[in-house]
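I set out to look up a pocket, a helix pair and the confidence of the model. My entries follow.

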Amino acid sequence: MLEIRDVSLKVRGGPRANILDHISLHIKPGTLAVITGPNGSGKSTLAKIIMGIKTPTTGKVLFNKTDITTESITDRAKAGIAYSFQQPVHLRGVDVYTLLNIASGELITPETATKYLVRVGLDSSYLSREISSKLSGGELKRIEIASVLARHPTLIIFDEPEAGIDLWSINSLIKVFKKLKESGVTTIIISHQEKILKLADKIIVLENGKIKQQGTPAKILPKLTGGKDGTN
């Protein structure tokens, strides 16, 4: 599905020349992978390289065995890759139904649009709501995810989806991620949130731009939580 081959990103100046330092990993179809690590370890940068927002200095990105290293964001989206930003965008004057139509690339019925909302724990009453600051951070995040689902991606990347939302909304997101996992959509989540880490099939820990360790939650979580098994 997704293969990162010896990817590095170097910059001039700054505290660290190598933002990413020879990263190699493989994400199998249907996997829910969580990338975690300290702030500044390169997590979001790696996600942006997968989406094509940033270009690596060296190395390759392969999607379904095709080299997409130099392909545009648009081409990657057409290939089935979707990206959910850390902070959802406010679209003044645009309602949720319009957004879902734009995301799907075709005119969809209110009933179809509602199905996407139901998948993220919302209902048809949101179709006429404007995407603005009047909505909570959790509502905006779930609407954004609904718009991602409307594109029918085969790989979804979430950049710290828990940022700026309350605990109740995080619990709602957990349900969304569980459903994605059950549906077989390959998912990569950048996160520090232990509840999200527990959902993973695979955890990748970055530190100083390198992969420090990777494996199942049973293997990795005790090391991240100071010896606790993460099941409390």
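Which element supplies the largest share of the lining of the largest pocket? I found that α5 does, with four residues. The model is predicted, so I note its rules: local features need pLDDT of at least 70 and side-chain atom pairs 80 or more, while totals for chains, interfaces and linings use all residues. Residues are numbered from 1 along each chain as its sequence is written, and side-chain values use heavy atoms, without hydrogens and water.

**Pocket.** I looked up the volume of the largest pocket, which is about 510 Å³. A pocket is an open set of points on a 1 Å grid where a 1.4 Å probe fits, with protein on both sides within 12 Å along at least five of seven lines; lining residues have an atom within 4 Å of a point. The lining holds 24 residues, and Tyr83, Phe85, Glu144, Ser147 and Arg151 lie nearest the pocket's centre. By class, 18 are nonpolar, three polar and three charged.

**Helix pair.** I then turned to α3 (residues 96–104) and α5 (residues 137–149), whose axes come within 8 Å and cross at roughly 35 degrees. Axes are lines fitted to C-alpha atoms, with angles from 0 to 180 degrees. Val96, Leu99, Leu100 and Ala103 of α3 make the contact (heavy atoms within 4.5 Å) with Ile143, Ala146 and Ser147 of α5.

**Confidence.** I recorded an average pLDDT (the predictor's confidence in each residue, from 0 to 100) of 89 for the protein, with 94% of the residues at 70 or more. Confidence is lowest in strand β7, at a mean of 82, and highest in strand β3, at 97.

Notes: Helix = DSSP H or I, 4+ residues; strand = E, 2+ residues; numbered from the N terminus. Points joined across faces, edges and corners; volume = space filled by probe spheres on them. Nonpolar A, V, L, I, M, F, W, Y, C, P; charged D, E, K, R; others polar.
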